[in-house]
Amino acid sequence: MSDKFLYETLDSASELGFLKKDIPDYLKDNLNPKFELRLYQIEAFARFFHCLDSDFPGKDWPLHFLFNMATGSGKTLIMAGLILYLYEKGFRNFIFFVNSTNIIEKTKDNFLNPLSAKFLFIENIEFEARRVNVTPVANFEGVNENDINICFTTIQKLHSDLTSAKENAVTYEDFKNKKIVLLSDEAHHMSTRTKSQREMFESWENTVERIFTQNEDNLLLEFTATLDYTHKNIVDKYRNKILHRYDLRQFRNDGFSKDVYIVQADFEEKDRIVQALILSQYKQEVAAKHRINLKPVILFKAQKTIAQSKENKANFHKLIDSLSEYDIKRVRNKSDIPLVQRAFHFFNASRIGTGQLAERLRREFDESRCISVNEEKEKENQQILLNSLEDKDNRIRAIFAVQKLNEGWDVLNLFDIVRCYTTRDSKAGKPGKTTIAEAQLIGRGARYFPFVTDENNDRFQRKYDNNLAHEIRVLEELHYHSINDSRYISELRTALIEEGMLDDRETEKKLELKEPFKETDFYKNALIYINERVKNNYEYVRSFSDLGVKKRNYVHIIESGRGIAGALLTGNGSIGTVAESGRKDVKVKDIPRHIVSNAISKNRFFTFRSINKYFPHIKSVREFMEAEEYLGSLEITFHGDSAETYGLSNKAQLDALGGLLHQIETEVRKNITEYKGTENFKPNNVSSIFHDKVLKLLEDSERANGDEQFVSDKGWYVFNANYGTSEEKAFARMLDRQMDTLRKNYDGIYLIRNERHFKIYSFSNGQAFEPDFVLFLQEKNGNMLTYQIFIEPKGKYLKEHDRWKQSFLQEITEKFEGETLEFKTQRKTQKYRLVGVPFYNNEDENKFKQSLYDVIES
């Protein structure tokens with residue numbers, strides 16, 4: 001047996017392009033559209049589809065797979081998608097189990113309650129125009145075989161029900177004659193026997209295994225963020241079962257979580273709390289300024305006992321009741337933390353004085369806006385508030401807790417955690433259990449709060465890793481407030497690194513415009529032309545052909561149900577009689593209108609709202625049915641025996657129209673996009689687009705080397721460093737070798753690396769593109785003509801997902817070929833010509849040079 005994990009083999013297959021990443025429409029269409037599938041979730045689905053249908057070494061029945069995916073990565077959404085996929089495969093019965101009642105209630109809400117903000121399905125699930133219900137059940141006797149039947153239970157209850165007879169409870173018999181999908185959340189709790197190797201006859205793990213093996217067609221799908229890859233028994237059990245390893249470290253590095261910062265201060269606890277409140281309010285005010293609807297929450301963490309937490313809460317309310325501007329001033333004057341100083345600069349610029357700030361904090365953190373979740377009963381009473389902290393009408397700003405908010409707490413707007421104790425429990429310099437638990441809590445709290453800005457539409461990912469000084473960056477950070485104890489901080493950092501929430505390789509680099517460049521006329525007055533992304537209104541669509549629908553006959557085979565039960569050859573060797581086949585072409589507009597209308601109503605895509613959106617010039621469904629530009633000109637070819645085609649039944653016509661509409665839907669979906677890029681590029685001042693930044697990079701990576709020595713004396717390179725890839729650095733060196741040639745015709749040459757300073761948008765679908773460089777060449781001949789050239793260095797092998805960028809650069813060149821963009825001022829008229837050149841590749845740079853000279857000399 002190979003030592004490789006299954007996920008490692010699938011990693012290789014995915015990188016080589018052997019995994020199909022197509023998600024069936026019935027899966028996408030039946031999930032709540034507000035939850036857009038991310039690339040790593042599509043990857044998880046693709047791996048499951050592949051392994052379900054394909055053989056691989058170690059594959060064994062009944063099938064058992066595990067998804068090792070980070071907290072906050074959307075495991076429950078993947079479960080919902082898998083339920084839809086498996087329903088289509090013939091599965092009807094699902095059992096969801098976990099070790100926590102809280103998670104059960106939350107998951108039921110996500111699966112069953114259309115009014116929940118986190119409801120995962122669409123309200124009316126449909127398969128082939130048939131309505132399908134998601135039904136909670138206690139067992140699988142007498143269930144509706146057309147429904148998605150889900151039994152929600154804790155592993156403790158499941159174990160109890162199966163080991164002691166109870167009325168209406170599930171039994172082992174339930175699992176013998178029905179194929180069932182077992183969905184195990186927080187699955188690391190199910191492996192107690194595997195880790196201990198104690199053969200406990202009725203352990204949880206035994207119970208699950210016994211259920212699972214009742215039927216060879218059963219499926220066990222486990223989900224966990226935590227898997228112990230250092231434990232031999234765990235490794236042996238799961239080597240051929242882990243489909244996807246997408247841990248917290250990868251999740252964070254891909255930008256899907258907040259970044260964690262430890263705010264350590266030599267303050268008394270009261271001032272540490274006030275400082276945390278100030279930072280929380282700072283985040284709320286920043287969000288409001290940028291029209292982001294955010295109510296940041298603070299968690300006050302007690303060490304061990306409920307009594308300690310109650311005392312913390314009582315002291316907090318006394319502090320808030322007496323909070324004055326002098327408390328605010330004291331923190332402002334004592335704190336030397338840059339983040340705190342930035343907050344006060346912001347308040348000053350926003351004309352929020354210390355007295356006004358104190359008043360706001362008293363109001364925002366009033367006792368009515370604080371909750372305690374320590375005792376189980378208390379937690380149950382507050383569950384609705386806890387699970388809806390992001391909702392607009394939820395006013396809670398502060399939570400007091402000890403241990404009740406570990407697994408299963410799903411909150412996005414937690415931005416501060418205050419450690420209300422000073423003790424440590426380390427041993428031999430290693431983090432103790434308390435510190436490890438703190439790191440795990442931080443990991444849960446670091447879920448990203450989704451938002452968009454005018455600059456960036458990546459709703460679910462960090463936007464400012466390449467601009468740490470940006471005002472909005474604070475909304476991408478979780479702050480953990482602690483005393484300034486160097487040993488404790490070191491232990492916590494170690495625990496956070498092990499958890500994947502910190503990377504000790506990270507370093508900050510300053511990217512700065514060179515001072516001589518900022519004195520140039522170019523920096524002060526030159527322009528850069530970039531386009532915008534706009535909603536696609538489909539006003540240009542006046543026929544099916546405008547959205548890629550081909551005008552060809554749809555062929556429908558009529559299934560007669562007849563057959564021949566006799567010899568094909570007669571006794572004398574002649575061929576026996578078979579039904580004569582026939583073909584008949586029928587225009588859609590000649591089919592009775594009520595049948596066409598019925599077919600349209602059965603297709604969820606062709607609602608009038610959808611028709612009106614994608615074909616905005618249509619005034620009615622009748623026009624859609626009869627107009628030559630739409631259904632009216634299309635024909636269906638019926639193929640079957642002559643009797644069937646001669647006298648077409650209503651059913652045959654309805655079925656054929658269903659097939660035709662599905663074909664049209666497929667073609668239309670390939671060509672509809674929510675956005676498009678404008679063909680009009682607008683001028684922006686160079687000085688307003690390009691500015692200094694602080695970047696977050698990994699030490700010893702190719703990007704961390706800024707090539708400062710090379711660029712320092714290059715007047716044409718405007719920044720102090722080139723924090724690009726090796727290919728980008730090679731491009732800059734190649735351009736340096738062209739300077740003598742270029743200076744013959746151009747006296748203003750500036751290469752600017754685009755460190756997320758601007759985006760341009762694909763004309764066809766509005767997809768964002770950040771070209772690595774823009775090169776400006778100002779002609780010498782007095783024409784005041786400047787070439788603005790978008791440049792993208794890429795490695796030798798062009799990845800499929802980057803091909804559209806190469807095509808877009810070519811489209812820009814073709815669009816503006818021979819066209820000059822003019823910008824007139826009282827002083828002068830500036831002229832620009834926009835160019836996109838093919839990708840630069842170090843191993844084929846002569847080809848790039850030729851392309852560059854071709855476009856600027858044409």
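**View 1. Antiparallel pairing of β25 and β28 in the predicted model.** In this predicted model, strand β28 (residues 773-779) is joined to β25 by seven bridges in the antiparallel sense. Within this pair, Ile 749 of β25 (746-753) faces Leu 777 in β28.

**View 2. The five-stranded sheet that contains β25 and β28.** The sheet is open and its pairing is mixed, with the strand order β25-β28-β29-β31-β30. Each of the edge strands, β25 (746-753) and β30 (821-824), has a single partner strand, so one side of each has no neighbour in the sheet. On average, neighbouring strands are turned by 20 degrees against each other, direction ignored. Strands of a sheet pair through backbone hydrogen bonds, in either the parallel or the antiparallel sense.

**View 3. Helices α31 and α32 lying across strands of the sheet.** Helix α31 (residues 803-815) lies across β29 (785-791) and β31 (829-836), and runs at about 140 degrees to β31. Helix α32 (residues 845-857) lies across β25, β28, β29 and β31. The angle between α32 and β29 is about 150 degrees.

**View 4. The largest nonpolar core, around Phe 48.** This core has 87 residues, of which Phe 48 and Leu 221 touch the most other members. Helix α4 (residues 75-88) supplies the largest share of the core, ten residues. Leaving aside residues up to four places away in sequence, Phe 48 touches Phe 65, Phe 67, Leu 82, Tyr 85, Leu 86, Leu 219, Leu 221 and Leu 243. In soluble globular proteins, nonpolar side chains tend to be buried together.

**View 5. Asn 139 in the loop between β5 and β6.** The loop that holds Asn 139 runs between β5 (134-136) and β6 (148-154). Asn 139 has a relative accessible area of 16%, under the 20% limit, and is therefore buried. A polar atom of the Asn 139 side chain lies 3.1 Å from the backbone nitrogen of Glu 141.

**View 6. The cis peptide bond between Trp 61 and Pro 62.** Omega for this bond is about -5 degrees. Pro 62 belongs to the loop between α3 (39-53) and β1 (63-69). Most peptide bonds are trans, and most residues other than glycine have a negative phi.

**View 7. Positive phi at Tyr 538 and Arg 756.** Tyr 538 is not a glycine, yet its phi is positive, at about 60 degrees. Tyr 538 sits in the loop between β18 (533-535) and β19 (554-557), and is buried, with a relative accessible area of 2%. Arg 756, also not a glycine, has a positive phi of about 60 degrees. The loop between β25 and β26 (760-761) contains Arg 756. With a relative accessible area of 30%, Arg 756 is partly exposed.

View 8. For the protein, the average pLDDT is 86, and 91% of the residues score at least 70.

Technical notes
Residues numbered from 1 in each chain as written. Predicted model: local features only at pLDDT ≥ 70, side-chain atom pairs only at ≥ 80, totals over all residues. Heavy atoms only, no water. Pairing = 2+ DSSP bridges. Helix = DSSP H or I, 4+ residues; strand = E, 2+ residues; numbered from the N terminus. Axes fitted to C-alpha atoms, helices over the stretch in contact; angles between N-to-C directions. Contact = heavy atoms within 4.5 Å. Core = buried A, V, L, I, M, F, W, Y, C linked by side-chain atoms within 4.5 Å. Buried < 20%, exposed > 50% of the residue type's maximum accessible area, 1.4 Å probe, protein only. Polar contact = N/O pair within 3.5 Å; in protein donor to acceptor, adjacent residues only side chain to side chain. pLDDT = per-residue confidence, 0-100.
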